[in-house]
Amino acid sequence: MNHFRSEFVDTTVEEKRLAQERNHEKYWYKWGPYLSERSWATVREDYSHDGDAWNNFPFDHANARVFRWGEDGLFGVSDNRQLVCMNVALWNGKDSRLKERLFGLTGHQGNHGEDVKELYYYLDNTPSHAYMKSLYKYPFKKAFPYEQLVEENAKRGYQDKEFEVYEVDGLFKDSQDGNDNKYFDVYFEMAKGDDNPDDLNFRVTVYNRSEKDSGELYVMPQVFFRNTWAWNKKKNSFKKPSLKRDPKATNLVHVNHEKYPDRQILFQPSPGGFGDESDADATKAPDVEPQLLFTENESNLVKLFNDKKNPADYCKDAFEEYIVKGNKENTVNPNNEGTKAGAVYHFKNIPPGEYVTVRYKFTNEHKKEFFHIEDLAVIDEDEFDTIFENREEEADNFYWRITPLPINEELRKVQRQAFAGLLWTKQFYNLTYDAWYNGDPNVLPRPPRDRANGRNKNWKHMYIEDILSMPDKWEYPFFASWDSAFHCIPLAMVDPEFAKKQLDLLTREWYMHPNGQIPAYEWNFNDVNPPVHAWATYRVFKIERNLYNREDRKFLERVFQKLLLNFTWWVNRKDQGGNNVFEGGFLGLDNIGIFNRSEPLPTGGVLEQADSTGWMAFFSLQMLNIALELAKDNPAYEDIASKFFEHFVLISDSMSYEYKIELNGSSCKEVIKANLWNEEDQFYYDAISWGDGNKQQLPIRSLVGLIPLYASMTLEPHLLTQFPGFKKRVDWFINNRPEIFDRNIASMTKRGVGERMLLSLVTKDRLLSILRRLLDETEFLSEYGIRSMSKYHEENPFRMDVHGQEYVVKYLPGESDSGMFGGNSNWRGPIWFPTSFLIVESLQRYFLYYGSDFKVECPVGSGQYLNLAEVAEEICCRMIRLFIPDDKGERAVNEGPYQDLLSNDPYFKDLVHFYEYFDGDTGRGLGASHQCGWTTLVSKWVSDHGLSKSKHSFGSVSSISTETEVSASETSQNKFRKGRRKSAKSLVNFTAAVLELTEEEKHQHRIGGTKTGLTPFTSAGSEEGMESRGSHKHLSVYEGCDDAHAFENKLINKLKEQVRNLTFDDKLESGSYNSTATEFSCQ
């Protein structure tokens, strides 16, 4: 599929925009969804002495208190420094407050930690943010239940499920009124101009979903400046920005900022009639004209803290006071100017089933876009709406280009929403350590000494003002380094430049500590996340090469050099005994251990971690991979590759064996003892070490024992010929350290399929042993993926008594039963995408070594045997099925008493939430509901496996290769339910494509000397390959077209026709197509 996609690089208007951004011709990234969804109760806004961020800046302060480090808001948009901000506020005439931002529970209030309590969905977004769309469901019959949500969740404990907003009867569904809907669907869209990144067009469309009741609604688009003037060191040299109403047009606001002078925002009158446009009464109804209100983005200190005076006469909460509280006097600025403005559209009565539309435009081209009628400025609404139609169509074409093969439409919708969420969760992240820790010079009082219990006090170098990919802009509105690495895989599919920027930033000197540590997350930068940065870097490099025909070797080398520092930090700081067995703390797996792994052990001693050691072996192999890639241009990197080869081999040996010298009189001998591998259980475990060989394993079957699978890498025979320096060092090591290789820790001396070699922590026997547990549905294998802890521990908890206190670990498929790490995540049973993604990749790499004859029973006890590529696909398909409706139309992610509402209601059924993790038994979504970062990895699998899935009607593919022949009649009856057998050629082809190998590398992967059938054999990374695959006749024609949108449609429709004509071979599962680009003209 990658080769098919690469044939059509730069065929879409969206890719043209990204090229303009990449070449610094136009700045399409300038404006985007960069406001947070929660700036209150964040670490950056915490100025307490004890570090209680949740209580220091509560939700109740957010409407009246200025944020220091970043703004938030509903449907938030800003420039890339968050200087000019825009959002939408709503009021239904009943709520106690203006809906300017999303509400949720703090870490103290939620029975499973912090949790947003709103219904909103990301529907569409493109990498340039030329088109964005999202949805918010707003009740109108009853007031929003702020207090009820807090009180009801307070009654619940760790053993209970969370109380969700849709459980409030009469709020969204009214059981007393025929289950009628009682809410508005509020759709927000932004579309940029055809050729102007600074021309921002906004459209808010509100539908009354009730069949019986009308509803009142205030819609208030807002524009405001982030308050930077209150703490500016040089007040006299800083010109305060301003918003002013036009003296002639009552719906026009002048926006003046030093960085953005002479901008205007126009609020178009909204049609006031309802019914068909041909209805005379509808057209005669008066328009709903906006009322402009102005205030200052300043805190109301008198209201919040009983201060005697506010910083300004008009405060941040003025609009809520004016609209909701009815305080009309002295709340808004009568001079119609300030640093915060809003346009109030009051729809007094929206009938059942009807809709209203609000249009507004922010632009630097107001002279040609706006015209005046009486006391209003107006725009051409037909032209305005055409912009949205064109941008949405271009988005359709762009995402078809990303996944062009004819996958099932349900899969396509899931992938589209996943990408939308990934792009919506970008955020401006601002943190200057000196100002944060010591306070601003113009603001009193100063923060307390050793503020926040000294949090992050050794990260004095941090100076961050960047757009970052967030895990979840409400629950996790801060970066987490290992989350970011996984985000970059799906990001690279649609926007490799932004993905590379994310990876580069975390290794820059204003992020990475001088000692080489990569910051973890803002609650504790000192914590340790798994070292996945090198893997993500190389993966993004390969994805861009294979999908976009571009090789960014400068990026690869730049990040690699910084990762050398990070690797050294790990070796120096996390290998206490110097024996290549690593500690690391919680390593992102929160509560997976019997003790809190980030704190000193109650037993004393040091926790030697199977996962940490596995991660370091994985890190070594990824650095080896990159070094060999760079050695193609610079032989000096062969020496570095040798270093990582040796480091990996030493780690792999230490993982399983411990050495001790025993003295016996005048003689001494080396005794080798088992280390983290348990021979009896055939599994890896953590161990507590008290030194001098005194060690106790902790026999808990969890991801800790699966992570060593990640550390695997195949070496092609030609590589040793291509890199003689590297080969010489490998040969020396094998010849001079035969004892290590005799134990077969790394399968270097035994050649696999195609004479390739394998570097792996696990031997073939250990791989089989681990897979027997991994693929056992009574242990790790769930109907929906890989559990983080074996189900074995459901009936067999692990218990340990320490000084009279009992510690227990048991299988928990759902939420955590304790408050460890806030209680908002659980690694004792649920399914997680990032760790599963790496397991799948590992199986695919093992397949390339062991080949199609190496089969395992999957699931255990089924009698069905799959090779490892098929096992990988089985896991992918199970996890994709989390989001796909079953025969009843139900999605596993929505499992629970409200399944019917969420999966079958016409206004919910097509909406998907991408949760943080999933119940290990039922697939129910858990944790953060908008974890659009690493859970968006599903979009990669949709592209890789979507064609297979569409042919199998979402059924499991576990029948694709069995020991027993299936009868012809059964095959005929179930051909759409069961997967067809795949040839070895196809599986090598498919696996190599999924792992983003070059065509040259794929050519080397042969089964029994048989070619894979891949063409051409030119590497995408070679000069010949780049030239031949990157030049198409249609590109020169495209560049000369006046109407790029029309040409794109013509081209994409032509390509779709080609795809419809593809034929798919039952053996190869790949399309035969003409790869020669078709010539087009602009006629």
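What percentage of the 1083 residues in the protein is buried? With that as background, please examine in detail how helix 26 and helix 27 pack.

Modeller: This is a predicted model, and its residues are numbered from 1 along each chain as the sequence is written. Local features need pLDDT of at least 70, side-chain atom pairs count only at pLDDT 80 or more, and totals for chains, interfaces and linings use all residues; side-chain values use heavy atoms, without hydrogens or water.

Of the 1083 residues in the protein, 65% are buried (under 20% relative accessible area, 1.4 Å probe, protein chains only). The secondary structure consists of 35 helices and 42 strands (DSSP runs, H or I of at least four residues and E of at least two, numbered from the N terminus). Among contacts (heavy atoms within 4.5 Å) with a separation of 6 or more, 71% join residues 24 or more positions apart.

Helix 26 spans residues 833-850 and helix 27 spans residues 868-880. They pack at an angle of about 160 degrees, and their axes are 7 Å apart (lines fitted to C-alpha atoms over the stretch in contact, with angles from 0 to 180 degrees between N-to-C directions). Helix 26 is therefore roughly antiparallel to helix 27 (over 145 degrees). Their crossing is left-handed (the near helix is turned anticlockwise from the far one by less than a right angle).

On the side of helix 26, the contact is made by Phe 833, Ser 836, Val 840, Leu 843, Gln 844, Tyr 846 and Phe 847. Helix 27 contributes Leu 868, Ala 869, Val 871, Ala 872, Ile 875, Cys 876 and Met 879. By class, this contact has 12 nonpolar, two polar and no charged residues (Ala, Val, Leu, Ile, Met, Phe, Trp, Tyr, Cys and Pro are nonpolar, Asp, Glu, Lys and Arg charged, the others, Gly among them, polar).

The region also contains a cis peptide bond, from Cys 858 to Pro 859, with omega near -10 degrees. Pro 859 is found in the loop between strand 37 (855-857) and strand 38 (865-867). Most peptide bonds are trans.

Helix 14 (residues 481-494) and helix 15 (residues 496-505) provide a second example of helix packing, at an angle of about 160 degrees with axes 7 Å apart. Helix 14 is thus roughly antiparallel to helix 15. Helix 14 passes helix 15 in a left-handed crossing. Ala 485, Cys 488, Leu 491, Ala 492 and Val 494 of helix 14 meet Pro 496, Phe 498, Ala 499, Gln 502 and Leu 503 of helix 15. This contact has nine nonpolar, one polar and no charged residues.

Elsewhere, helix 2 (residues 13-22) has eight of its 10 residues buried, so helix 2 is largely enclosed by the rest of the structure. Its buried residues include Val 13, Leu 18 and Ala 19, together with Glu 14, Glu 15 and Arg 17. Just after helix 2, His 24 takes a positive phi of about 60 degrees.

Two loop residues also have a positive phi. Gln 82, in the loop between strand 2 (77-79) and strand 3 (84-91), has a phi of about 55 degrees and is buried, with a relative accessible area of 0%. His 803, in the loop between strand 35 (798-802) and strand 36 (805-809), has a phi of about 55 degrees and is exposed, with a relative accessible area of 74% (exposed means over 50%).

Conventions. Parallel < 35°, antiparallel > 145°, perpendicular 65-115°, else oblique.
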